[in-house]
Amino acid sequence: MNRTELEEQLNALYTENANLEAQLSSGDYKVIKNSEAERAGEELPYNPQELHSERQAMRDAINTNEAEIERIKHELEEMDEEVVEVSD
C-alpha cells in the first residue's frame, strides 16, 4: 500500500473506533439500569447476557482496530525513515 492508502485506512479505523466508543457510552444507561434493578431486587430490564455480548463485541472490535492502527503507524514511520535515508 502507498502512504495515502495507509493514511486513509488509519483515518477510517479512528472513525470506526470513535463510533464504537460512542455506542458503548450511549449504552451505559442500560448497564446502570440493570445494576439499579438488581440492587433493588427487581427484574432486570435488559438481558444481561445479550448486553454483555454486544458490548464485548464492540470492545473486541476497538482492540482489533487499535492493533491495526499501531501496525499502520509503524509502517508509516518506516516509510518516513526510508525517505530520510534516501535524502541523506
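A word on the source. The model is predicted, so local features need pLDDT of at least 70, side-chain atom pairs count only at pLDDT 80 or more, and totals for chains, interfaces and linings use all residues. Residues are numbered from 1 along each chain as its sequence is written, and side-chain values use heavy atoms, with hydrogens and water left out.

Start with helix H1, residues 3-26. Helices here are DSSP runs of H or I, at least four residues long, and strands are runs of E, at least two, all numbered from the N terminus. How far apart are the end C-alpha atoms of H1? They are 34 Å apart. The expected span is 1.5 Å times one less than the number of residues.

At the start of H1, a side-chain oxygen of asparagine 2 comes to within 3.0 Å of the backbone nitrogen of threonine 4.

Now the inside. Buried means under 20% relative accessible area, exposed means over 50%, and partly exposed is in between, with a 1.4 Å probe and protein chains only. H1 has these buried residues: Leu6, Leu10, Leu13, Asn17, Leu20 and Leu24.

Some of them join a core. A nonpolar core is a set of buried Ala, Val, Leu, Ile, Met, Phe, Trp, Tyr and Cys residues joined through side-chain atoms within 4.5 Å. The largest one has six residues: Leu6, Leu10, Leu13, Ile69, Ile72 and Leu76. H1 and helix H3 (48-87) each give two or more residues to this core. In soluble globular proteins, nonpolar side chains tend to be buried together.

Look at isoleucine 72. Setting aside residues up to four places away in sequence, isoleucine 72 touches Leu6, Gln9, Leu10 and Leu13. Contact means heavy atoms within 4.5 Å.

Next, asparagine 65, in helix H3. Is asparagine 65 buried or exposed? Buried, at 8% relative accessible area. Beyond its neighbours within four places in sequence, asparagine 65 contacts Leu13, Glu16, Asn17 and Leu20.

Glycine 27 sits in the loop between H1 and helix H2 (28-39). At 13% relative accessibility, glycine 27 is buried.

On to the aromatics. Rings of Phe, Tyr and Trp (its six-membered ring) pair if their centres lie within 6.5 Å; planes under 30 degrees apart are stacked, over 60 edge-to-face, and the rest tilted. That rule gives one aromatic pair. Tyrosine 29 and tyrosine 46 form an edge-to-face pair, 6.2 Å centre to centre, with 85° between the planes. Tyrosine 29 is in helix H2 and tyrosine 46 in the loop between H2 and H3, 17 residues apart. Tyrosine 29 is partly exposed, at 44%, and tyrosine 46 is partly exposed, at 26%.

Last, charges. A salt bridge is a side-chain nitrogen of Lys or Arg within 4 Å of a carboxyl oxygen of Asp or Glu. How many salt bridges are found in the whole structure? Six.

One joins aspartate 80 and arginine 3, with the closest N and O atoms 3.1 Å apart. Aspartate 80 is in H3 and arginine 3 in H1, so the pair ties together parts 77 residues apart in sequence. Arg3, Glu7 and Asp80 are linked in a network of salt bridges.

Another joins arginine 71 and glutamate 68, at 2.7 Å between the closest N and O atoms. Both lie in H3, three residues apart, about one turn of the helix.

Notes. A polar contact is a pair of N or O atoms within 3.5 Å; within protein, one must be able to donate a hydrogen and the other to accept it, and residues adjacent in sequence count only if both atoms are side-chain atoms.
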